[in-house]
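Student: I would like to know what the terms used for this structure rest on. Please take them one at a time.

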Amino acid sequence: MRIGIVGAGRIGGNAARLFAKAGHEVLVSFSRDPAKLEALAAEIGGSAGTPREAAQFGDVVLFSVSWTLIDEVLAQAGPLDGKIVIDTTNQYGHDGWEDLGDRTAAQVNAARMSGARYTKAFNTLTSGFQASAAGRTGPDRVVMFLCGDDDEAKGVVAGLIDDAGFTPVDMGGTADAAPMEAPRRPGAVYGEEYHEQEARAFVESLRSA
């Protein structure tokens, strides 16, 4: 599968490595340091380009930039109509965690990416932990939560999560995303290591509440 990475920093760069290792074609874009971007592309056997090139290249586009830059980078990326998007962002603004009222960050970003087949994943665990934990087997295999309102898109992303070395667990729709969103707090999965049995029990408890 062809995957465009928009935002090749810690989370996006690590995901690029994991996807490339699994045999996917990867194009990385949007870094403060063009030399590092080119080095990452060379390391993983992929290519480097602009956000627009990444959006056009990918069957799936992973979007991993600072919350405060989202609108600017979306303008650079151009239309995402029909693209499966994996959003890894968390709502950390200039003054700390943003209060989005009764909307989840996933709902806010899905609306920003009108026309995209939006999903959210790869946002609950640090890049360092994702790099070290990827590929564990058996009961130690780490869960990666995802959400979205397009079941087919979530099926594709669940496959990519598995390819990256994690167990996918579906949190539900974008309206159900709050437990997987920042900040770290009681009753949320953000910042916590989960394994399949406990993760599925947690999600089931939310659905039956």
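Student: What makes the largest pocket a pocket, and how much space lies in it?
Tutor: About 1,100 Å³ of space lies in the largest pocket. On a 1 Å grid over the protein atoms alone, a pocket is an open set of points with protein on both sides within 12 Å along at least five of seven lines, whereas a cavity is a set where a 1.4 Å probe fits but cannot get out. The volume is the space filled by probe spheres set on the points, which are joined across faces, edges and corners. This is a predicted model, in which local features need pLDDT of at least 70 and side-chain atom pairs count only at pLDDT 80 or more, while totals for chains, interfaces and linings use all residues. Residues are numbered from 1 along each chain as its sequence is written, and side-chain values use heavy atoms, without hydrogens and water.

Student: Which residues lie nearest the centre of the largest pocket?
Tutor: G9, R10, I11, G12 and S64, out of 37 residues that line the pocket. Lining residues have an atom within 4 Å of a point.

Student: Why is D81 called exposed?
Tutor: D81 has a relative accessible area of 57%. Exposed means over 50%, buried under 20% and partly exposed in between (1.4 Å probe, protein chains only), so D81 is exposed.

Student: What is D81 in contact with, beyond its neighbours within four places in sequence?
Tutor: S114, G115 and A116; contact means heavy atoms within 4.5 Å.

Student: What makes a nonpolar core, and which members of the largest one touch the most others?
Tutor: A nonpolar core is a set of buried Ala, Val, Leu, Ile, Met, Phe, Trp, Tyr and Cys residues joined through side-chain atoms within 4.5 Å. Of the 34 residues in the largest, F63, M113, F145 and M171 touch the most other members.
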